[in-house]
Amino acid sequence: MGVLDKLFGNDSDKDKKATADFSDVRSGSSSTAAFNRTYTVVAGDSLSKIAKREYGDASKWHRIFEANRDKIQNPDLIQPGQVLNLPQG
Amino acid sequence: MLRYFRGPIVGTVCFALTLTASGCGKKDKASVETASGAAVSTPVSVTDVKLGRALGADKRLTDETDKFRPADVIYAVVETQGTAPNTLLQAHWTYQDGQLVDESSRNISAAGEDVTEFHVSKPSGWPKGKYTVQILLNGAPVESKDFEVK
């Protein structure tokens, strides 16, 4: 990089790196389809694994946790055989 | 000894039944019921995807468009047909350069003709430019729509 680029910046590089900020995007969904599902925990499951499988996104594990607060005290500890409610994704 | 022939015989019968079933012509995508009235799963397919900026109580668009303003809420309405208790719909929203805007998913219990809407909003305003929303059905891309913010 030349001295002038350091002083005034290189516009072409800036253009390449410029990205729009979508950090405040909010999203949601709804459906006419019914949603009334449960899931029975099997050995080796974790909330994030279930979220990944059911919603395609492991980070949505907290939705399952919130929907089952009466059954789950510790989100890192779920038991095989537990029947969990699966909230809307 | 019959035990050794049971496998191939069963396989042949199943194969023949499969051929017969698939050769019956047009498949009915609507819900199918057994004699006892229990619903049977039929393949779910996406029949239409539309974009707009306003939604009615029936989840259908009241203001369909592919041109949006920076302050708009953008709706993608997905129509499906078929019956399956565990159907995953996903919407991947991307900006013109491929940058991910948002990903959302909804696991539905599809029963016949259903309408599912995904929406995104951005309180600070959408950057002007071209966008795409891609709809995935059970993880597989099935349709995409382009739109523009002006």
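This is a predicted model: local features need pLDDT of at least 70, side-chain atom pairs count only at pLDDT 80 or more; totals for chains, interfaces and linings use all residues.
In soluble globular proteins, nonpolar side chains tend to be buried together. The largest nonpolar core here has 22 residues, and the members that touch the most others are Ala76(B), Ala91(B) and Trp93(B). Four strands of chain B each give two or more residues to this core: E3, E5, E6 and E7. Their residue ranges are tabulated below. The largest share, 9 residues, is supplied by E5(B).

| Strand | Residues |
|---|---|
| E3(B) | 42–52 |
| E5(B) | 74–95 |
| E6(B) | 100–121 |
| E7(B) | 129–137 |

Leaving aside residues up to four places away in sequence, Ala91(B) touches Ala76(B), Ser104(B), Phe118(B), Val133(B) and Ile135(B).

**Contact between the chains**

Chain A contributes 24 residues to the contact and chain B contributes 29. On the side of chain A that touches chain B, the elements giving two or more residues are strand E1 (26–31) and helix H3 (47–55) of chain A. E1(A) gives the most to this side, with 6 residues. By residue class, the side of chain A that touches chain B has 8 nonpolar, 11 polar and 5 charged residues.

E1(A) is also paired with a strand of the other chain: 6 bridges join E1(A) to E6(B), and the two run antiparallel. Within this pairing, Ser31(A) has Thr116(B) of E6(B) as its bridge partner.

How values were computed:
Residues are numbered from 1 along each chain as its sequence is written. Chains are lettered from A and ligands numbered from 1 in the order in which they are written. A nonpolar core is a set of buried Ala, Val, Leu, Ile, Met, Phe, Trp, Tyr and Cys residues joined through C-beta atoms within 7 Å. A residue is buried if 20 or more other C-beta atoms lie within 10 Å of its own, exposed if 12 or fewer, and partly exposed in between; C-beta atoms are placed from the backbone. Two residues are in contact if their C-beta atoms, placed from the backbone, lie within 7 Å. Ala, Val, Leu, Ile, Met, Phe, Trp, Tyr, Cys and Pro count as nonpolar, Asp, Glu, Lys and Arg as charged, and the others, Gly among them, as polar. Two strands pair if DSSP finds at least two bridges between them.
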